[in-house]
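Q: Could we go through this structure together, starting with the charged pairs? Please set out the rule you use before giving any examples.

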2 protein chains.
Amino acid sequence: MNKLLFIPGYIILSYLLTSCTTDKPDITTPNIVIIFCDDLGYGDIGTYGAKGYETPNLDKLANNGLRFTDFLSAHGACSASRTALLTGCYANRLNMPQVFSPNSQTGINPDEMTIAELLKQKGYATGIFGKWHLGDLELFLPLQHGFDEYLGIPYSNDMWPVDYDGGPITEESINPGKANYPPLPLVKDNAVLKYLNGLEDQDRLTTRYTERAVSFIEKHKDEPFFLYVPHSMPHVPLGVSDKFRGKSRQGMFGDVIMEIDWSVGEIMKALDENGLVENTLVIFTSDNGPWLNYGNHAGSTGGLKEGKGTSMEGGVREPCIMNWPALIQPGQVSNRLASTIDILPTIADITGTQLPDHKIDGVSILPLLRGDTDAEPRKTFYYYYHNNNLEGVRMGHWKLVFPHAHRSYENVLPGNDGFPGSYSEGKAAYALYDLRRDPGERYDVMEQYPEILAEMEKLAEQARTDIGDELTGREGKNRRPRGSINY
Amino acid sequence: MNKLLFIPGYIILSYLLTSCTTDKPDITTPNIVIIFCDDLGYGDIGTYGAKGYETPNLDKLANNGLRFTDFLSAHGACSASRTALLTGCYANRLNMPQVFSPNSQTGINPDEMTIAELLKQKGYATGIFGKWHLGDLELFLPLQHGFDEYLGIPYSNDMWPVDYDGGPITEESINPGKANYPPLPLVKDNAVLKYLNGLEDQDRLTTRYTERAVSFIEKHKDEPFFLYVPHSMPHVPLGVSDKFRGKSRQGMFGDVIMEIDWSVGEIMKALDENGLVENTLVIFTSDNGPWLNYGNHAGSTGGLKEGKGTSMEGGVREPCIMNWPALIQPGQVSNRLASTIDILPTIADITGTQLPDHKIDGVSILPLLRGDTDAEPRKTFYYYYHNNNLEGVRMGHWKLVFPHAHRSYENVLPGNDGFPGSYSEGKAAYALYDLRRDPGERYDVMEQYPEILAEMEKLAEQARTDIGDELTGREGKNRRPRGSINY
């Protein structure tokens with residue numbers, strides 16, 4: 001007995017050193033968390049070069065995971081971009097508009113498959129807390145598209161019948177067209193929970209979504225879940241809670257990003273407290289670039305050209321961070337082309353679920369998550385913005401732009417403190433850019449690279465045949481109908 | 001005896017847990033390491049938003065220390081910027097030129113005090129391995145200015161009698177004026193060790209400086225030391241060793257930065273292996289922004305305006321990382337204005353050494369290193385670039401620009417693969433920028449802020465009286481003479 005009491009120290013030590021290893025998690029059913037910002041620029045996160053404020057939780061997420069430097073949201077505007085994320089398709093394939101107004105009679109087609117519906121094949125619990133914007137009539141709301149729970153604003157947080165400072169719409173208002181909008185609804189599942197009329201309600205949004213996201217994690221900690229947190233921020237009108245107001249010294253925009261960073265920290269804390277960090281794939285990105293004519297209430301593209309509402313890189317290239325300790329090695333950076341449309345097929349690849357029967361545009365980027373630096377799962381990308389116009393094509397680091405008119409933020413004074421400035425009129429010329437050499441899309445090198453140009457024109461032809469291109473009068477043969485109330 | 005052999009496990013454990021604590025280091029004599037790049041842009045480091053390659057060692061240095069987002073090199077060109085770093089003074093106060101050519105008859109004045117001379121007050125060992133550029137005649141070389149050891153090129157690595165691709169200078173060469181330059185000397189202490197004539201010698205530079213820096217650390221591990229590593233890279237002609245050639249997929253510029261990152265890792269490893277990381281202040285920054293007309297052989301300003309050779313932010317705002325575990329908490333970000341001229345007085349503050357008797361321009365930013373977020377040690381900054389022209393003034397996040405002509409990189413095609421493009425002619429107007437709202441210096445807000453303008457004009461007057469301003473015909477009363485061979 002005495003012998004047992006005097007166990008040699010090295011035996012206790014070796015026990016302590018090995019007792020921490022647990023069973024390997026089942027990496028075919030990770031939890032999935034997608035945190036999706038609104039109007040966040042490429043340069044708005046600490047580890048992507050933000051100036052004037054800090055984002056320690058996002059920096060930590062990136063340091064412990066994978067950070068992309070050439071990740072494109074699939075469209076430069078809200079509804080189209082969110083459609084692409086959730087269905088793995090270019091929004092133009094689904095005949096979706098850039099942006100739905102309140103009470104639109106159309107929305108996401110029930111025949112399309114969202115990530116939530118995909119994961120229902122494996123019995124995932126699914127929740128969305130934030131902005132939807134794929135149609136606000138009941139037929140189009142999240143619960144009819146694979147989600148078990150919803151709390152949020154069904155469209156943009158500036159679609160309300162008050163002016164930018166929350167005051168009444170007048171003849172002098174910047175957007176008198178909003179006078180007929182209903183009050184901004186906060187929807188729970190399929191019904192309006194309350195209406196938001198004051199800026200103070202906007203101040204609560206990030207905290208509110210976060211609290212619901214944390215409750216969802218705690219409720220579903222014992223089963224696989226898909227949590228989608230599409231923040232309303234940093235879309236104008238900016239709102240921030242008292243705990244972050246004035247904290248950034250950079251003004252309200254910095255405060256708002258710091259609160260989103262706090263929100264990421266709260267979600268990671270909830271995962272950690274329930275032992276779920278190891279086997280949860282957390283993805284952080286945004287729908288489109290910054291709305292630059294809002295001046296100090298807009299973000300930064302970090303030197304990319306133009307912003308939201310364009311098919312220039314500033315309109316679509318986004319920070320993207322993926323964290324999943326069970327698979328992704330810490331401290332990875334991928335410079336490969338990737339897009340929001342790749343998230344659905346990647347999740348299908350991970351979980352062994354069936355893709356929809358119809359054509360999708362995304363490809364699985366799982367090799368990039370695994371750290372395979374030779375893999376190049378996405379070689380091309382098509383830029384659609386206005387109508388069904390093919391405005392650009394990517395082939396690796398090459399970008400071919402077709403002539404088109406666009407809003408411009410150049411050579412015009414932006415607004416201030418929540419009020420917008422006007423746009424100038426941009427005219428994009430036919431041009432080939434080498435984004436590796438020229439990420440700001442300034443120098444046409446078409447004459448120097450005729451073979452690249454010819455190859456990319458062939459790629460463009462494929463998209464014109466497939467999805468179409470109004471700029472060249474082409475009908476795409478593989479577009480599918482938008483959802484309609486008369487469907 | 002048996003009892004001693006069977007020591008209870010908890011005693012061994014508690015011994016192991018406490019045996020790691022050592023005596024607190026003497027934080028008044030930390031080792032100082034300054035790693036100074038050449039022509040590095042604000043956006044060229046991973047944690048500052050670099051696209052296309054990774055810098056894991058620099059990212060780690062930043063994550064474990066303090067990262068600045070508003071750190072200015074004190075001049076937009078090489079010799080002037082290095083003078084400012086080493087003396088704590090605007091180069092214009094010392095009558096120093098932008099750039100010294102080979103065999104210049106002038107250089108740094110022996111009456112000025114460098115950081116190396118300051119630290120000699122406390123018996124520091126001092127070494128410089130890299131580019132000097134404060135004058136290449138013996139009188140002006142490092143050993144006459146406080147350094148014990150030198151190995152490196154005494155000026156820029158493109159100041160040699162060959163063309164950009166290493167071929168002979170011809171009538172068609174871009175820079176025929178270089179034909180009379182001597183071969184590029186690699187100087188050891190006060191004598192030429194060898195001459196560099198081939199691009200393959202440039203490829204070895206980063207490795208060579210690094211090996212010498214590591215040896216220096218090992219040699220002086222038992223005494224306080226000041227190690228200054230002013231890399232020749234990423235100044236053109238780019239050179240990179242075989243171990244990094246082609247590694248970045250972004251082209252040669254990315255390869256070069258990855259090798260500099262490797263160099264930082266080697267220096268940190270040498271510090272670590274000698275137990276010196278805890279009490280070493282490591283500072284990483286650069287002399288000026290990217291030389292953008294070199295296209296794919298130049299870096300990126302991350303969206304800041306213009307580049308090297310201007311007083312726009314792209315010319316002088318730099319990544320700056322400080323790491324010193326004994327004092328600096330990990331994961332700090334400072335958005336306060338700071339500059340290379342502040343490094344000398346900060347080191348004096350840390351070490352309790354005597355500042356020079358003459359006036360200097362830097363202020364101690366030790367409170368920022370300590371994490372005091374309320375501290376604002378530097379409120380103003382003066383932008384000199386051409387001659388003795390005061391081209392701009394900073395007051396916090398405000399920047400006032402005075403009308404002046406400048407080289408511009410806008411609206412002109414840059415060069416490629418090591419050959420430069422030409423400049424366009426820029427005309428800066430009298431304008432007030434709010435860099436918090438408008439880091440790209442695009443929108444003049446002078447009319448909106450007359451009181452800010454008035455306050456900043458007063459600041460400008462102080463600089464005109466003190467250092468002078470040829471734009472307004474003012475002689476500064478406190479300029480000091482440059483060093484001369486006839487001194």
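A: A salt bridge here is a side-chain nitrogen of Lys or Arg within 4 Å of a carboxyl oxygen of Asp or Glu. Please note that this is a predicted model. One pair that meets the rule is K308(B) with D39(B), whose closest N and O atoms are 3.0 Å apart.

Q: Where do K308(B) and D39(B) lie in chain B?
A: K308(B) is in the loop between β9 (280-286) and α8 (313-316), and D39(B) is in the loop between β1 (31-37) and α3 (56-63), so the pair ties together parts that are 269 residues apart in sequence.

Q: Are K308(B) and D39(B) buried or exposed?
A: Both K308(B) and D39(B) are buried.

Q: How many salt bridges are there over all chains?
A: The count by this rule comes to 62.

Q: What is the partner of R480(A)?
A: R480(A) forms a salt bridge with E112(A), and the closest N and O atoms are 2.9 Å apart. R480(A) lies in the loop between β20 (474-475) and β21 (483-484) of chain A, while E112(A) lies in the loop between β3 (106-107) and α5 (115-120), so this pair ties together parts that are 368 residues apart in sequence. Both R480(A) and E112(A) are buried.

Q: And what do the side chains of D203(A) and R245(A) form?
A: They meet in a salt bridge, at 2.9 Å from N to O. D203(A) belongs to helix α6 (residues 199-219) of chain A and R245(A) to the loop between β8 (225-230) and α7 (252-273), so the pair ties together parts that are 42 residues apart in sequence.

Q: Buried or exposed, in the case of D203(A)?
A: D203(A) is buried, because its relative accessible area is 16%, and the cut-off for buried is under 20%. R245(A), with a relative accessible area of 40%, is partly exposed.

Q: Turning to the backbone, which residues does a cis peptide bond join in chain A?
A: M233(A) and P234(A) are joined by a cis peptide bond, with omega about 0°. P234(A) lies in the loop between β8 and α7 of chain A.

Q: Which residues does a cis peptide bond join in chain B?
A: There, a cis peptide bond joins V236(B) and P237(B), and omega is about -5°. P237(B) lies in the loop between β8 (225-230) and α7 (252-273) of chain B. As background, most peptide bonds are trans.

Q: What is the phi of N411(A)?
A: N411(A) has a positive phi of about 55°, although it is not a glycine. Most residues other than glycine have a negative phi. N411(A) lies in the loop between β16 and β17 (424-428) of chain A. N411(A) counts as exposed because its relative accessibility is 78%.

Q: And what about the phi of N411(B)?
A: N411(B) also has a positive phi of about 55° and is not a glycine. N411(B) lies in the loop between β16 (404-408) and β17 (424-428) of chain B. At 76% relative accessibility, N411(B) counts as exposed.

Q: What is H406(A) in contact with, leaving aside its neighbours within four places in sequence?
A: Its contacts include E306(A), T310(A), M312(A) and H386(A). Also among them are S424(A), E425(A), G426(A), K427(A) and A428(A).

Notes. Residues are numbered from 1 along each chain as its sequence is written. Chains are lettered from A and ligands numbered from 1 in the order in which they are written. This is a predicted model: local features need pLDDT of at least 70, side-chain atom pairs count only at pLDDT 80 or more; totals for chains, interfaces and linings use all residues. Side-chain values use heavy atoms; hydrogens and water are left out. Contact means heavy atoms within 4.5 Å. Helices (H or I, at least four residues) and strands (E, at least two) are DSSP runs, numbered from the N terminus. Buried means under 20% relative accessible area, exposed over 50%, partly exposed in between (1.4 Å probe, protein chains only).
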